[in-house]
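This report is intended for a reader who meets the structure for the first time. Please consult the sequence and the structure shown here while reading.

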Amino acid sequence: MLSWLMVKPPKIAFARKLRKDMSLPEMLIWGRLRTRQSGGPIFRRQYPFGPYVFDFYCAKIKLVIEIDGYHHGVNGQGDRDEARDHFLTERGFEILRIPASDVLAEPDEIADGIYRLVMEKQQTF
């Protein structure tokens with residue numbers, strides 16, 4: 001098995017902890033995405049993959065959704081995000097980054113936009 005695909009038990013435990021300690025923007029989005037309609041997309045939250053944990057993930061279309069708080073613009077976090085995005089896109093993932101401030105301002109519109117994007121992409125699979 002490919003080493004980058006392996007998820008070590010500490011990463012799984014960390015993902016479980018993140019599920020319990022979601023930020024307010026993550027909670028607002030999760031509350032809207034978790035409702036599953038027949039034939040609609042299925043989302044996972046705090047999903048571990050290799051060395052990373054995705055905020056949200058839709059496996060059917062390999063879409064990673066990241067809610068970026070203020071810390072993503074400081075202390076080199078942007079460089080780490082870029083390296084992570086490169087790692088994931090090389091493996092066929094698409095990354096959607098959404099500023100937390102946008103989620104706080106318009107959570108329904110953001111969730112609707114995510115849902116529409118996934119539904120459009122599912123039709124091409």
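The sections below cover the basis of the model, the sheet, the helices, the salt bridges and a surface patch.

## Basis of the model

The model is predicted: local features need pLDDT of at least 70, side-chain atom pairs count only at pLDDT 80 or more, and totals for chains, interfaces and linings use all residues. Residues are numbered from 1 along each chain as its sequence is written, and side-chain values use heavy atoms, with hydrogens and water left out.

## The sheet

Four strands form an open sheet with mixed pairing, in the order E1-E2-E3-E4. Strand E1 (44-49) and strand E4 (94-99) are the edges; each has a single partner strand, so one side of each lacks a neighbour in the sheet. On average, neighbouring strands are turned by 45 degrees against each other, direction ignored. Strands are DSSP runs of E with at least two residues, helices are runs of H or I with at least four, and both are numbered from the N terminus. Two strands pair if DSSP finds at least two bridges between them.

E1 and strand E2 (residues 52-58) run antiparallel and are joined by five bridges. Arg 45 stands opposite Phe 56 in E2.

## Helices on the sheet

Helix H2 packs on the sheet and touches E1, E2 and strand E3 (63-68), where contact means heavy atoms within 4.5 Å. The direction of H2 makes about 30 degrees with that of E2. Helix H5 (residues 107-124) also packs on the sheet, touching E2, E3 and E4, and its direction makes about 165 degrees with that of E4. Axes are lines fitted to C-alpha atoms, for helices over the stretch in contact, and angles run from 0 to 180 degrees between N-to-C directions.

## Salt bridges

The whole structure holds seven salt bridges, each a side-chain nitrogen of Lys or Arg within 4 Å of a carboxyl oxygen of Asp or Glu. In one of them, the closest N and O atoms of Asp 68 and Arg 97 are 2.7 Å apart. Asp 68 lies in strand E3 and Arg 97 in strand E4, so this pair ties together parts 29 residues apart in sequence.

Lys 121 and Glu 94 also meet in a salt bridge (3.1 Å, N to O). Because Lys 121 lies in helix H5 and Glu 94 in strand E4, the pair ties together parts that are 27 residues apart in sequence. Salt bridges with shared partners join Asp 68, Asp 81, Asp 85 and Arg 97 into one network.
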